[in-house]
Amino acid sequence: MYVYHDLKTDCGNIDHLAIRKDGAVFLIETKSHFGKIIKQNGELRRNGKSFEKNFISQTHKNIFWLKDLLKTRLGYEPWIHAVIVFSNGHVEPHLKIKGVAVINVSFLSEWMRRQPGNAKAAATLWPEVENLKNELSSFAPNRLARQPALN
């Protein structure tokens with residue numbers, strides 16, 4: 001698995017981009033907020049109140065940016081598994097808003113293991129991951145690293 005950290009985008013940054021050998025692509029946003037994280041009226045909230053930013057909207061903007069980047073490189077848009085991970089908050093189980101999973105950090109490895117790969121991306125993106133490093137380095141130099149496989 002390759003993991004890229006702090007990728008600058010047109011609309012902020014992607015905290016972590018992970019690409020698995022089976023073609024699964026993960027966009028991971030991390031948040032350190034405390035409190036009870038819930039979905040209420042279709043919106044992500046902490047202790048029943050709205051966040052200062054719309055994290056779902058921010059994540060969607062980054063998904064579209066990444067899809068555009070990969071489409072330019074590959075000629076198609078691979079599926080992006082998007083997740084917002086809270087390191088300190090208590091997240092309501094099975095939380096998903098507009099296609100974005102919201103989980104506690106302790107469930108990240110298991111969540112990633114459960115996401116399907118993509119045969120087309122495995123055949124086209126994975127062989128290009130080293131070359132992609134150069135393109136991504138223009139956004140945040142030297143931050144792409146090979147990570148041990150999840151068991």
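Phe51, Phe55 and Phe86 together make up one aromatic cluster, where rings of Phe, Tyr and Trp (its six-membered ring) are taken to pair if their centres lie within 6.5 Å, with planes under 30 degrees apart called stacked, those over 60 edge-to-face and the rest tilted. The model is predicted, and local features need pLDDT of at least 70 while side-chain atom pairs count only at pLDDT 80 or more, although totals for chains, interfaces and linings use all residues. Residues are numbered from 1 along each chain as its sequence is written, and side-chain values use heavy atoms, with hydrogens and water left out.

By the ring rule the count comes to 4 aromatic pairs. One of them joins Phe51 and Phe55 in a tilted arrangement, 4.9 Å centre to centre and with 55° between the planes. Both Phe51 and Phe55 are buried, a word that stands for under 20% relative accessible area, with exposed meaning over 50% and partly exposed in between (1.4 Å probe, protein chains only).

The largest nonpolar core has 35 residues, and those with the most contacts inside it are Ile37, Leu44, Leu66, Ile84, Phe86, Val102 and Leu125; such a core is a set of buried Ala, Val, Leu, Ile, Met, Phe, Trp, Tyr and Cys residues joined through side-chain atoms within 4.5 Å. Among the elements that give two or more residues to this core are β1 (2-9), β7 (80-86), β10 (100-104) and α4 (129-137), and the largest share, 8 residues, comes from α1. Helices (H or I, at least four residues) and strands (E, at least two) are DSSP runs, numbered from the N terminus. Leaving aside residues up to four places away in sequence, Leu44 touches, among others, Phe51, Phe55, Ile84, Phe86 and Val102, contact being heavy atoms within 4.5 Å. A second, separate core of 13 residues includes Met1, Ile28, Val85 and Met112.

The largest pocket has a volume of about 450 Å³. A pocket is here an open set of points, on a 1 Å grid over the protein atoms alone, where a 1.4 Å probe fits, with protein on both sides within 12 Å along at least five of seven lines, and lining residues have an atom within 4 Å of a point. Grid points are joined across faces, edges and corners, and the volume is the space filled by probe spheres set on the points. Of the 17 lining residues, Pro93, His94, Ile103, Phe107 and Trp111 are the closest to the pocket centre. The largest share of the lining, 4 residues, comes from β10, while β8 (90-91), β9, β10 and α2 (108-114) each supply at least two.

Four residues can be set side by side by their accessibility.

| Residue | Relative accessible area | State |
|---|---|---|
| His5 | 24% | partly exposed |
| Asp6 | 24% | partly exposed |
| Asn47 | 53% | exposed |
| Arg113 | 39% | partly exposed |

His5 lies in strand β1, and its C-alpha atom is separated by 5.6 Å from that of Asp15, 10 residues apart along the chain. Asp6 is also placed in strand β1, and its phi is near 55°, a positive value in a residue other than glycine. Asn47, in the loop between β5 (43-46) and β6 (49-50), likewise has a positive phi, of about 50°, although it is not a glycine. Most residues other than glycine have a negative phi.
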